[in-house]
Amino acid sequence: MTDSRLRRPAVHTETLVALAAAFMLLAGNGPFWRAALASRPWAEPGTWVFAGAVFVALACFYFALTAAVVTRRTVKPFLTLLLVATAAASYYMERYAVYLDRTMMANVVATNSKEASELLGFGPAASVFLWGLVPSALLWWPEVKTRTWRRAAAVRSACIAAALGLGVCSLLLVFAQAASLMRNHREVRWLITPANALVALAQNAADSGAASGPKQPIATDAKRVAPGRARPLLFVLVVGETARAQEFSLNGYPRDTNPELARRDVIDFAHATSCGTSTEVSVPCMFSQYGRAHYDESAIASHQSVLDVLARVGVKVLWRDNQSGCKGVCDGVPVEQLDRENVPGLCVDGQCFDEILLRGMDGIVAGANGDMLVVMHELGSHGPAYYKRYPPAFKRFVPTCDSDDLRQCDSAAIVNAYDNTILYTDHVLAQLVDLLEAQKTHDTAMLYVSDHGESLGENGLYLHGIPYAIAPDAQTHVPFVLWLSQNLRADWGVDEKCMRSRAQLPASHDNLFHSLLGIFSVQTGAYDPALDLFAGCRTKRSN
């Protein structure tokens, strides 16, 4: 009798690796191929030659790198991991037009469970199943042929050498065009999946290792000088999340998204830019002495921030967070993590609205003896679930996109939901101003600045995190709003006309470090008065 069972085919390890490499390049690299071939008409033979040569080169390099690390026993688990990772990465890159570079991978790694849940759903699950698990199942079907170790080593070495040779020859065939692409559009390399994810993970691991251990002190010569004020200072810095300046009616947006702040005599810096396009970059950068002008991620991560300097000279510092943490900035200062609270009316489904940041502030002010800086880190307009960032009373602009998958909504609904988050932020800030204005024991001030902006579908881009060099204005132009109490204006002798004139000039996250030192009368060689927003507009000086 013949065996009626379906016989499993038998293949060599190298065959599985080659097939997986070709599949990942074809099925999981749509964004890369579109970017690489964007300006090349398919009617020209040269386009096919370029595409074919690049495909062969990448497939050969993928083959060589993978074949060098797998064995007959590990090849299937390793390729399964790559296939699933490629499917997941490709989905989010396609869906939100993001680049999976080191910064974006840092955002992925730092994402907490609540944020991650908003990015999961049927879409990514279906993509991983169809393009990751199904190919993996086919991969596990064949048996892997065995060889003696000597023959296996010889064959593997020969295959790797041949692949490298073929890859180099293919690349040389179109070298001038490929070099031009990578030179003029360096960001394209972060679209090659799964190499982008693996390299980004390795870079972040290296950065984490370099930044471990105690942070190096800065401004060691810092000292307070007599501020010449009758009352101590309470300064509240609100770090917004994902708010873009063009959606603020204070900046000329036709919708009235800032009705309450507009009635509170605020000073709007209309031309402010962020240090980065993600929280992981911007928050550490804005509190550092390096800033965007001298950006050095490893130096920022390994050195103290302006909060440490202020605390060292006697300013009481408190960080209140309704987000995923301070990204290392608040290490060493008191922290209140409020997003885990369970306050009826303020917290729903494990998330708190930003008014939670105002809760308990009266007691904090009452207990403040002397100068104090309070940093409030908002949940703000964090996407993609904009509709979850505001209470029902602030659902003013309708219809809204009530889905975590933005591509399921039309652009008007996305903008409506996003604008409601800005309207709610306006309300929270106005309440904070009222709270500060009522204080009689302190001179008070508030500065609001977002960490970065957001893309809402313009040019096919969603969310944020695009490499800074090519980031659209929507991701780097941020709201920057200042309010000063009448007592503070009088005690300082603030020239309001001067301040409003200064607000029409460019500002950025780079101003924050020096403005905080200046407003708290800290004298140090690290202070640059040219970057202090207040320096030229005070008629009364510290002694």
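A crossing is left-handed if the near helix is turned anticlockwise from the far one by less than a right angle, and right-handed if clockwise. The legends below describe a predicted model, in which local features need pLDDT of at least 70, side-chain atom pairs count only at pLDDT 80 or more, and totals for chains, interfaces and linings use all residues. Residues are numbered from 1 along each chain as its sequence is written, and side-chain values use heavy atoms, with hydrogens and water left out.

**View 1. Helices H4 and H7 make a right-handed crossing.** Helices (H or I, at least four residues) and strands (E, at least two) are DSSP runs, numbered from the N terminus. H4 spans residues 75–96 and H7 spans residues 122–140. Their axes lie 8 Å apart, at an angle of about 155°. Axes are lines fitted to C-alpha atoms, for helices over the stretch in contact, and angles run from 0 to 180 degrees between N-to-C directions. H4 and H7 are therefore roughly antiparallel. Angles under 35 degrees count as roughly parallel, over 145 as roughly antiparallel, 65 to 115 as roughly perpendicular and the rest as oblique. Contact means heavy atoms within 4.5 Å. On H4, the contact residues include Leu-79, Leu-83, Val-84, Tyr-91 and Tyr-92. On H7, they include Pro-124, Val-128, Trp-131, Leu-139 and Trp-140. The residues of this H4–H7 contact divide into 15 nonpolar, 5 polar and 1 charged. Here Ala, Val, Leu, Ile, Met, Phe, Trp, Tyr, Cys and Pro count as nonpolar, Asp, Glu, Lys and Arg as charged, and the others, Gly among them, as polar.

**View 2. Helices H3 and H8 make a left-handed crossing.** The axes of H3 (residues 45–67) and H8 (residues 149–173) come within 8 Å. They cross at roughly 155°. That makes H3 roughly antiparallel to H8. From H3, the contact residues include Val-49, Val-56, Cys-60, Phe-61 and Phe-63. H8 contributes Arg-156, Cys-159, Ile-160, Leu-164 and Leu-171, among others. The residues of the H3–H8 contact divide into 17 nonpolar, 2 polar and 1 charged.

**View 3. Strand E7 pairs with strands E11 and E8.** Two strands pair if DSSP finds at least two bridges between them. Buried means under 20% relative accessible area, exposed over 50%, partly exposed in between (1.4 Å probe, protein chains only). E7 and E11 run parallel, joined by 6 bridges. Trp-319 has Val-375 of E11 as its bridge partner. E7 also pairs in the parallel sense with E8 (residues 335–337), over 3 bridges. There, Arg-320 is partnered by Glu-336. Strands of a sheet pair through backbone hydrogen bonds, either parallel or antiparallel.

**View 4. Three strands form an open sheet in the order E15-E6-E17.** Its pairing is mixed. E15 (477–478) and E17 (507–508) stand at the edges, each with a single partner strand, so one side of each has no neighbour in the sheet. E6 (residues 272–273) pairs with E15 in the antiparallel sense over 2 bridges. Thr-273 stands opposite His-477 in E15.

**View 5. Two peptide bonds ending at prolines are cis, at Pro-194 and Pro-399.** The bond from Thr-193 to Pro-194 has omega near 5°. Pro-194 sits in the loop between helix H9 (175–184) and helix H10 (195–211). The bond joining Val-398 and Pro-399 has omega of about -5°. Pro-399 lies in the loop between strand E11 (372–377) and helix H15 (411–437).

**View 6. Ala-219 and Asn-459 have positive phi.** Most residues other than glycine have a negative phi, and most peptide bonds are trans. Ala-219 has phi of about 45°. Its place is in the loop between H10 and strand E3 (223–224). Ala-219 is buried, with a relative accessible area of 11%. Asn-459 has phi of about 55°. Asn-459 lies in the loop between strand E13 (455–456) and strand E14 (462–463). Asn-459 is exposed, with a relative accessible area of 78%.

**View 7. Leu-435 is found in helix H15.** Leu-435 is buried, with a relative accessible area of 15%. Leaving aside neighbours within four places in sequence, Leu-435 is in contact with Leu-358, Met-361 and Asp-362. The C-alpha atoms of Leu-435 and Asn-251 are separated by 24 Å. Those two residues are 184 residues apart along the chain.
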